[in-house]
Amino acid sequence: MDVHGIDLGSSQIFQDWFLEQLEDSIPPEKIVEALEGLGTTEAYIRALIVSYWRTTPQMERLIKHGLSMNDVVANETAKGFAVYRRSIKILQEGGPQMHVRVAEMRGALDFALDRLSKLPMSDLVMEAQIGIYIPLSVLALNEQDFDQAIRLASQALFIAEEMNATVSTARARAILISCHSTAGHVETTAALVQDDRKKGFRYSWRYTELVLANSLYILGNYIEAESILTSLAERTDGAYQVRAHSMMQRNAALWGIGGLTGEVPPTALGEEPFGWITEAMRALMMATATPREGKEAEERAAHFATAIHICEQSDDDGLRIYQWQHVFARWVRATAYLGRGEFSSAAGVLERLDDLPDAMFDVRVLSLGAGLELALSWAAPEDFSVAKFESKLRKVFAEAEKIRYASAPGLAKLLQRWHPTAAAYLALMPDPITACAFAVRNVMKVGQQNLVFDDVTLPPVYACDLVLRALDFDLRRDFSFIQSDPGGSRKKKKDLLQQVGEVTLWRQPISAVRIAYGLLSHRNDVYHFRARSILATYGIRPTTTAIYPMMGTLEGVERATRDLLEGNLTPKGLTRKMLEAQ
């Protein structure tokens, strides 16, 4: 390795040479030794930079020496590296003194930029400036001033690209990706990482792969995100492998297809705590694996209560959580309240849906799905209109169709997993959302024969029970449907169980009355025509000759629904009758 013929003043030449040494398997610490051996200030600064890039054993000594040298570029290069490391530590530790420490370091960095601006411009001066802009952007992230963080990182990238310096450009690009990711700009983040993947040299590529996977999850692209993390876990070990596995576990739980068993990995130092997210989703998955009938209904309600408690505790413990996690916690609580039949509590949680982050497609779909589910219930407040939530969900899916990295079918599957009634409504309304078309399988066809999920035929009295439960009638009796058909009904109850990935789900049939009610709440003849068509196709109540205690209620549902169809009753009137019947 010959360092004597290298133009150390040119960042392009030096950084290309450095990458060639790495390709030849020269250890970075040997490169640092050779540079120090030249004995010049310029060579020392290059040694300091290499030592920092690769965290060699000489790094601490070189930073301290650089801070004490009688050279502005050496001083400020060392300061930039020292402050960057300190800013990351502050981000990890948090605490009441964080803002004071951030202000102190920002002042030191601003002073550094002022000193560097007075020097004749050279590649080393420009690299020192990059080394100041990067920690300034991290400090802005500490303060959640995302616009400023992005501006500073973009300035660092601009300077690096002007020098055509491969390593500096890759480092600045990685910081810019981190800024956009932390700010929640998922589409931009995905585009930047995909562009980064095409480069010959990538800085912090393991981190940016994690960021890309997370963005794709948010955009509903579960399959590609999972593929990226699986590949990352196979190619790495240690902390990044753990982070890949924990992200897969968390998102499998969010999508309700896995993550139900096994230890939840601890949050790595500096990350926002997310173990509670997996735990909350586990409680929701356990609830949805439990039937809504008989004694099991109490167990189901208890699991929903656990999910609510976990989300409330995440705030009570004072954890630093970003906007995505606040919105997620609201959605979990609303969904759990809906599952418990506590509609007023669900409405209270969902009142602040106007502040949903535009880029967070997964929590937007879920939160709006919970709102639509509530709007389709008899107990919905007046301001929870079906039309409003339908419009907002149409907007989300229309946006997803236009974004290169998003998956409307993936978002539809996510919605159907947790809010099947909302997904079925979107599939059956006029000008339906085509990605939700599969959700019509959840709607029961009732009458002389009772069919659901395309392959489950239901006994008459059991179908009666399920229609009433789908309309939120709380039937507090133990398996009343079994009285007429003990063996057959128990078997059909088991047929409603389904394996979704690694998770068991007790599928909830949907009554066409609920969908028709939502359509008839519009002041639009096209919607009213569709409601009539749906009721003609799917029916209102099962036909049975059995003596069934709730048959009068079912007949009341049918009469009221037909009155609504014929214009003899308003949606508000139907709601009032249904609430009285309960």
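Contact means that heavy atoms lie within 4.5 Å. The model shown is predicted, so that local features need pLDDT of at least 70 and side-chain atom pairs count only at pLDDT 80 or more, while totals for chains, interfaces and linings use all residues. Residues are numbered from 1 along each chain as its sequence is written, and side-chain values use heavy atoms, with hydrogens and water left out.

**View A. Helices α11 and α13 in contact.** Helices (H or I, at least four residues) are DSSP runs, numbered from the N terminus. Arg206, Tyr207, Leu210, Ala213, Asn214 and Tyr217 of α11 meet Tyr240, Arg243, Ala244, Met247, Met248, Arg250 and Asn251 of α13. These contact residues comprise 8 nonpolar, 2 polar and 3 charged; Ala, Val, Leu, Ile, Met, Phe, Trp, Tyr, Cys and Pro count as nonpolar, Asp, Glu, Lys and Arg as charged, and the others, Gly among them, as polar. Two packed helices are described by the angle between their axes and the distance between the axes. The axes of α11 (residues 205–218) and α13 (residues 239–254) come within 11 Å and cross at roughly 5°, where axes are lines fitted to C-alpha atoms, for helices over the stretch in contact, and angles run from 0 to 180 degrees between N-to-C directions. Helices α11 and α13 are therefore roughly parallel to each other (angles under 35 degrees).

**View B. Helix α8 and its cover.** The 18 residues of α8 (residues 146–163), at 1.5 Å a residue, should span 26 Å, and the end C-alpha atoms are 26 Å apart, which agrees; the expected span is 1.5 Å times one less than the number of residues. Buried residues (under 20% relative accessible area, 1.4 Å probe, protein chains only) of α8 include Ala149, Ile150, Leu152 and Met163. Their cover includes α1 (11–23), α7 (123–142) and α9 (166–183).

**View C. Helix α3, a mostly covered helix.** Of the 14 residues of α3, 11 are buried, among them Tyr44, Arg46, Tyr52 and Trp53. Just after α3, Thr55 takes a positive phi of about 45°.

**View D. Thr561 in helix α26.** Thr561 belongs to α26 (residues 551–565) and is buried, with a relative accessible area of 3%. A polar atom of the Thr561 side chain lies 2.7 Å from the backbone oxygen of Val557. Apart from neighbours within four places in sequence, Thr561 is in contact with Val513, Leu535, Ile540 and Leu574.

Definitions and conventions
Helices (H or I, at least four residues) and strands (E, at least two) are DSSP runs, numbered from the N terminus. Angles under 35 degrees count as roughly parallel, over 145 as roughly antiparallel, 65 to 115 as roughly perpendicular and the rest as oblique. Buried means under 20% relative accessible area, exposed over 50%, partly exposed in between (1.4 Å probe, protein chains only). A polar contact is a pair of N or O atoms within 3.5 Å; within protein, one must be able to donate a hydrogen and the other to accept it, and residues adjacent in sequence count only if both atoms are side-chain atoms.
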